[in-house]
Amino acid sequence: MNNNTPLMLPEKEMDYTEFTGPPQKPPRLGAQSIQPAPTANLDRTDDTVYSNVMDLVRAVLQLKNEISLLPPEGYILVVKNVGLSLRKLIGSVDEILPILPATSRTEIEGTQKLLNKDLADLINKMRLAQQNAVTSLSEECKRQMLTASHTLAVDAKNLLDAVDQAKVQANLVKLCLE
């Protein structure tokens, strides 16, 4: 080098930032972080959609509470219970759908399709958990099952909100002013 500029080593260059420690981890987004808004304050007397959403949530809670106690072949019973609750919920929405405003039907039907996909995802996670029951992946597969069931419950609540909104729009329900 015939240059008169001094040779700069990487640690002396100005463009390098000084190492101050490991990078900070972003907050973890898991099943616990999803906090749905409260449901509408409506008169729930004879509200089959509401009672079926509550049944579905109870089925998901049963799955959550029993999954660690059950043998892998027992998973199917709690997942089947969730599926039957979902079928009942979708049936109750289908009964009320014709009297709801046409503008609301697209969102409600889309949410129903999403719930069916959620159930398919839960079934797939259950199968994975059964296949990996005696491997080191067992706990991770169970966690994925729980996450899938939680997603299904949150989407069921979203369906309830969409139905409630449509009922309010069509003046089919009384508001509770408590």
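The protein has four helices and zero strands, where helices (H or I, at least four residues) and strands (E, at least two) are DSSP runs numbered from the N terminus. Reading from that end, the elements run α-α-α-α. The model is a predicted one, so local features need pLDDT of at least 70 and side-chain atom pairs count only at pLDDT 80 or more, while totals for chains, interfaces and linings use all residues. Residues are numbered from 1 along each chain as its sequence is written, and side-chain values use heavy atoms, with hydrogens and water left out. Of the 178 residues, 31% count as buried; buried means under 20% relative accessible area, exposed means over 50%, and partly exposed is in between (1.4 Å probe, protein chains only).

In the segment after α4 sits Asn171. The phi angle of Asn171 is positive, near 55 degrees, in a residue other than glycine. At 68% relative accessibility, Asn171 counts as exposed.

How do the other helices sit against α4? By class, the contact of α3 with α4 has 17 nonpolar, 10 polar and six charged residues. In this sorting, Ala, Val, Leu, Ile, Met, Phe, Trp, Tyr, Cys and Pro are nonpolar, Asp, Glu, Lys and Arg are charged, and the others, Gly among them, are polar.

Helix α2 (residues 75-96) also meets α4, with axes that come within 12 Å and cross at roughly 15 degrees. That makes α2 and α4 roughly parallel to each other. The crossing of α2 and α4 is left-handed, and α3 likewise passes α4 in a left-handed crossing. Left-handed applies if the near helix is turned anticlockwise from the far one by less than a right angle, and right-handed if clockwise.

Next come the charged side chains. A search of the whole structure turns up six salt bridges, a salt bridge being a side-chain nitrogen of Lys or Arg within 4 Å of a carboxyl oxygen of Asp or Glu. One of them joins Lys167 to Asp47, with the closest N and O atoms 3.1 Å apart. This pair ties together distant parts of the chain, since Lys167 is in helix α4 and Asp47 is in the segment before α1 (48-66), 120 residues apart. Both Lys167 and Asp47 are buried.

Glu139 and Lys142 meet in a salt bridge at 3.6 Å, N to O. Being three residues apart in α4, Glu139 and Lys142 are separated by about one helical turn. Glu139 is exposed, with a relative accessible area of 55%, whereas Lys142 is buried at 13%. Further along, Lys157 and Asp161 pair up at 2.5 Å, N to O. These two are four residues apart in α4, again about one helical turn. Lys157 counts as buried at 11% relative accessibility, and Asp161 as partly exposed at 24%. An α-helix has 3.6 residues a turn, so residues three or four places apart point the same way. Elsewhere, Asp55, Arg58 and Lys88 are linked in a network of salt bridges.

Met54 has its place in helix α1 and is partly exposed, with a relative accessible area of 29%. Asn158 and Val53 are another, 105 residues apart along the chain, with their C-alpha atoms also separated by 9.9 Å. Asn158 lies in helix α4 and is partly exposed at 34%.

How values were computed. Axes are lines fitted to C-alpha atoms, for helices over the stretch in contact, and angles run from 0 to 180 degrees between N-to-C directions. Angles under 35 degrees count as roughly parallel, over 145 as roughly antiparallel, 65 to 115 as roughly perpendicular and the rest as oblique.
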